[in-house]
Amino acid sequence: MRTIARRTAIVVAALIPLAACTPGDVGGKTKLTIATFGEFGYAPLIAEYEKLHPDITVQNRVTDFDTHHKGLATQLATGHGAADVVAIEEQYMPQYRKAKDKFADLAGYGARELEKQWVPWKWAQGTDGAFVLGLGTDMGSLALCYRRDLFQAADLPTGREEVAKLMPDWDAYAATAERFTAKTPNVKFADSAGTVYTAMLNQSPENYFSQRDDSFIADRNPSVRAAFFLSGGLAAKGQTAAATTFTQAWNVAIKQGSFATVACPAWMLSQIKEAGGEANRGKWDVTTVPGKSGNQGGSFLTVPKQGAHQKEAYELARWLTAPEQQKKLFLSDGILPSEPAVYEDPEVLAHSDPYFGEAPTGRIFAASADQLRPNYRGLRDADVRPEFGRALGRIEERTDTVDQAWTKAVQQAQAALK
């Protein structure tokens, strides 16, 4: 789950005496607000948009992941308070497609003409039949980030191609964890069981719910069980650092070199840089993830119906998700677009990252994106997914065995659905 603790950058319009215009507009200008969770890299783009549209001013409201989505639910229920443009993370899209009456149908502004801009599965996530709920932003195609120096200390291969061959699948990943731990017992192989579990789960076409009828299937889905028992097994053997992504503990573990691998979507690279600092420059590298692909994260820009400037809000969302802007975001912030024309662009493919030993990140993440297959999220995905994450945490805390944690996770997930 993409719980993002990114640096925040808020573009705030200067206070100008109100003219006779729509409430909230400033000095005769149309004021638009865009609400995001964490840093989407929009600050320079918003400044550019305001220059291109001098009659519009844009404010970016930034909060953390949970606050953002809980706040949106309240705003839609009460009918006021939502931004003109609102980002929604992919795991929440199924439930908001069922509440589409709260949103503007972007098809009415010509959005269906843009369909070919995105990979088919991304477009489908943002639509409900003919209704266009949101325009896709990024996607989180997966790679594997690893510490070259720690692999060398464990007498493991360090080159990108050799590491990819060493761990073509997750069973091989677990076997490598055994070899690593035998040589370097004071360093953990993975950041957390939850990260491994999520990566494995995101390679499966179905997780907790059936794509056929949206029924709960986690208790009998072999993909869920396999992911849980492999990742839980790593935790039970003490091979994970129990550092949940984007917590302070994770930042400290990155800085101190407490673990050697993490399944990393493109947007995570900037977080590793921030947490690791200059002292860790060149120690990390990037290669193909076990299983070769997968998606973790990705969002959509939507327009709540309660807004006073829906057409203008749509135009802003359309501009921000256009290929030209998506390319800028990847080159500046490493945020991988969900648009083939962008991630197949020669400049994007040639992009490398000096912090990660000049890893060809453009090529690696584009290859992962090309092999990515859609992953069905049920309407109640957000209700049950956390139960399995908490269960893995209990294994890392040594309060449950893998079997005990699995049984409790299934029971608690089923209880959450009642």
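Trainee: At the start of α9, which backbone nitrogen does a side-chain oxygen of N221 reach?

Mentor: This is a predicted model. In it, the side-chain oxygen of N221 comes to within 3.0 Å of the backbone nitrogen of S223.

Trainee: How many residues does helix α9 have, and what span does it reach from its first C-alpha to its last?

Mentor: Compare the span with the one expected at 1.5 Å a residue. Helix α9 covers residues 222-236, 15 residues, and reaches 20 Å, close to the expected 21 Å. Just after α9, G238 takes a positive phi of about 75°.

Trainee: Which residues of α9 are buried, and what covers them?

Mentor: Buried means under 20% relative accessible area. Among the buried residues of α9 are V224, F228, L230 and L234. Their cover includes α7 (170-183), α8 (193-201), α17 (381-396) and α18 (402-416).

Trainee: Is N186 buried or exposed?

Mentor: Exposed means over 50% relative accessible area. N186 has 76%, so it is exposed. N186 lies in the loop between α7 and β7 (188-190).

Trainee: Why is strand β1 described as largely enclosed?

Mentor: Count its buried residues. In β1 (residues 30-37), seven of the eight residues are buried, so the rest of the structure largely encloses this strand. The chain then passes from β1 through helix α1 (residues 43-52) to β2, a right-handed β-α-β crossover.

Trainee: Which strands are joined to β1, and by how many bridges?

Mentor: Strand β2 (residues 56-63) runs parallel to β1 and is joined to it by eight bridges. Strand β3 (residues 85-89) is also parallel to β1, with two bridges. Take A35 as a case: its bridge partner in β2 is R61, and in β3 it is V86.

Terms used. Residues numbered from 1 in each chain as written. Predicted model: local features only at pLDDT ≥ 70, side-chain atom pairs only at ≥ 80, totals over all residues. Heavy atoms only, no water. Helix = DSSP H or I, 4+ residues; strand = E, 2+ residues; numbered from the N terminus. Expected span 1.5 Å × (residues − 1). Buried < 20%, exposed > 50% of the residue type's maximum accessible area, 1.4 Å probe, protein only. Contact = heavy atoms within 4.5 Å. Polar contact = N/O pair within 3.5 Å; in protein donor to acceptor, adjacent residues only side chain to side chain. Pairing = 2+ DSSP bridges. Right-handed = clockwise from strand over helix to strand, strands pointing away.
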